[in-house]
Structure formats: structure tokens, C-alpha cells
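Take a moment with the sequence and the structure below.

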Amino acid sequence: MEETKEIKILRVEEGKTTEAVDVIVVEKAVEFYLDGVFLSSTVCLDRELEALALGQLISQGRLRGSMETPEISIKGGRIDLCSKGIGREGENQPPSKGTITLTPKQISLWGEVVYQGSPLFQQTGMIHSCGLFSSTELLEFSEDLGRHNAVDKVLGKAWMKGRALSACALFTSGRMPLDMVNKAICAGIPIMISRSAPTAEAVEAAQAAGVTLVGFVRKGRMNLYTHAHRITGR
């Protein structure tokens with residue numbers, strides 16, 4: 001399945017209308033089932049679907065720690081998951097004790113890596129991206145139509161490689177409402193960063209969960225909302 005297609009459009013610029021060719025994204029509709037029972041649905045890029053499914057379980061608090069990777073079956077737009085060995089959604093997570101630290105310079109650099117590393121965004125202007133970082137390097141990267149999917153794909157890929165999420169920072173291109181911050185909390189990630197802003201509820205949740213929240217990362221500027229001790233060299 002092609003991820004993009006070219007279409008003819010009319011472009012209006014400075015009072016002039018001209019014919020042009022634009023590149024747009026092709027979306028794939030998928031549905032998730034847990035033990036045959038409908039779980040959720042989304043539209044996404046047709047790639048990294050196994051990682052997307054695992055990431056959903058991680059960001060719901062169902063998959064964590066030493067749990068075994070569940071069986072996954074993908075047929076067309078249907079993704080079936082087995083609940084054997086996984087937890088229940090929304091189970092309480094202990095406060096984050098991750099010891100990773102970052103400097104403002106590193107955060108600005110990671111932001112550039114996330115944005116410059118998204119070729120589909122450069123082509124279409126409508127893709128969200130997400131990066132998982134250690135204190136020294138980019139570990140995982142994903143892009144998708146939605147910011148939630150991009151985060152879930154990164155979490156899923158990290159799980160498949162056995163990465164210790166408690167030693168990582170998550171950089172998302174999208175805003176940070178409560179449901180996005182909860183993904184980091186459930187995954188045990190101690191630092192969540194965005195070019196955009198959090199909501200009041202997201203800040204409260206991050207504070208209670210011990211998660212460092214960093215927003216408005218742009219051109220060397222950023223806001224530290226919670227647990228700023230992990231951002232050093234200020």
C-alpha cells in the first residue's frame with residue numbers, strides 16, 4: 001500500500017491561481033481486538049502495525065516490566081491480540097524514579113532531530129513524529145498521521161528490542177493533554193518533551209507521577225513544568 005499519492009490542485013498565492021501537483025498521505029483504517037472483543041480503532045500509516053499494537057498495550061498500562069510479549073495476528077485492517085500474560089488497563093503505576101538527565105542544549109538538538117528526521121512531514125506537512133532518546137542518542141523514531149500513534153509505535157519498537165524505558169526521554173511533535181502524558185506515565189518514561197504545550201490536567205498528572213514535563217521547545221527556549229531536577233546545566 002502506497003503511503004502517498006500525487007493529485008492535481010489549484011494553488012492560490014498572492015492573488016494568482018495556478019495549477020500544481022500536491023503530495024498527500026494515504027491513510028489505513030485498522031481495528032484492534034483483544035481476545036476477539038473489539039478494543040479500539042484508528043487511522044494510521046500502513047507500517048509498523050505490530051509496534052502500534054504493542055504500544056497501545058504499553059500506553060494503557062497493560063504491558064510492562066517482565067511481562068511476555070502477547071501474540072499478535074494482523075490480517076488486512078484487523079489486528080488481534082491475546083490477553084494471556086498482560087495486565088488490566090489503568091492499573092496504578094508507581095512514581096517514576098528514572099535517573100536520566102538532559103541539558104537544554106541536548107533537548108534542543110533532539111527537537112531538531114525529530115523534525116528533520118520526518119521525510120513525510122517535509123513532503124506533506126501533515127505528519128506527527130516521535131523520538132525516544134537516551135542521554136546520548138536517538139534510540140527509536142516513528143512518524144504517523146496522529147501523535148498518539150507515533151508515540152505508540154515508538155513504545156512498541158522499544159519493547160520489541162528490550163529497551164529500558166525508565167532510562168529514556170520521549171519527544172513528541174504534538175501537544176500534551178492528559179491522555180498523551182498518561183502514555184509516558186504508563187510506560188515508565190521519566191521525561192516527556194514537546195514543541196507544544198501541556199494542559200493543566202497533564203501537568204498535575206506528571207507532577208504526581210514523578211515525570212519531568214518540558215514544553216514549547218523552540219530555538220533554544222523551553223518551559224519546564226514539573227520535576228525540573230532532571231534538566232541540568234541551566
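How many salt bridges does the count come to? This is a predicted model, and the count comes to 8 salt bridges. Let us walk through some of them.

Start at Glu-140. The side chain of Glu-140 meets that of Lys-161 in a salt bridge, with 3.2 Å from N to O. These two residues sit in distant parts of the chain, 21 residues apart. Glu-140 belongs to strand β8, which covers residues 138-144. Lys-161 lies in the loop between α4 (147-160) and β9 (169-172). Glu-140 also meets Arg-163 in a salt bridge, here with 2.8 Å from N to O. Again the pair links distant parts of the chain, 23 residues apart. Arg-163 is in the loop between α4 and β9.

Now look at how much of each partner is open. Glu-140 has a relative accessible area of 5%, so it counts as buried. Lys-161 has 54%, so it is exposed. Arg-163 has 30%, so it is partly exposed. The cut-offs explain these labels: buried means under 20%, exposed means over 50%, and partly exposed is in between.

Turn to the cysteines. How many disulfides does a search of the whole structure find? The search finds 0. Cys-44 is in no disulfide, and the nearest cysteine sulfur, that of Cys-130, is 15 Å away. A disulfide is a covalent bond between the sulfur atoms of two cysteines. The rule used here asks for two cysteine sulfur atoms within 2.5 Å.

Cys-44 counts as buried because its relative accessible area is 0%. Cys-130 is buried as well, with a relative accessible area of 0%.

Which residues form a positive surface patch? Arg-195, Arg-218, Lys-219 and Arg-221 form it. Pick out Lys-219 from this group. Lys-219 lies in the loop between β11 (212-218) and β12 (221-226). Its relative accessibility is 90%, so Lys-219 counts as exposed.

Finish in strand β12, where Leu-224 lies. Leu-224 has a relative accessible area of 29%, so this residue is partly exposed. Compare its place with that of Thr-4. How many residues apart in sequence are Leu-224 and Thr-4? They are 220 residues apart in sequence. In space, the two are 37 Å apart, C-alpha to C-alpha.

Note on methods: Residues are numbered from 1 along each chain as its sequence is written. This is a predicted model: local features need pLDDT of at least 70, side-chain atom pairs count only at pLDDT 80 or more; totals for chains, interfaces and linings use all residues. Side-chain values use heavy atoms; hydrogens and water are left out. Buried means under 20% relative accessible area, exposed over 50%, partly exposed in between (1.4 Å probe, protein chains only). Patches are made of residues with over 30% relative accessible area and no salt bridge: like charges are joined within 9 Å, nonpolar side chains (Val, Leu, Ile, Met, Phe, Trp, Tyr) within 5 Å. Accessible areas come from the Shrake-Rupley method with a 1.4 Å probe; for residues, only the protein chains shown count as cover. A salt bridge is a side-chain nitrogen of Lys or Arg within 4 Å of a carboxyl oxygen of Asp or Glu. Lys and Arg count as positive and Asp and Glu as negative; His and the chain ends are not counted. The place of a charge is taken as NZ of Lys, CZ of Arg, CG of Asp or CD of Glu. Helices (H or I, at least four residues) and strands (E, at least two) are DSSP runs, numbered from the N terminus.
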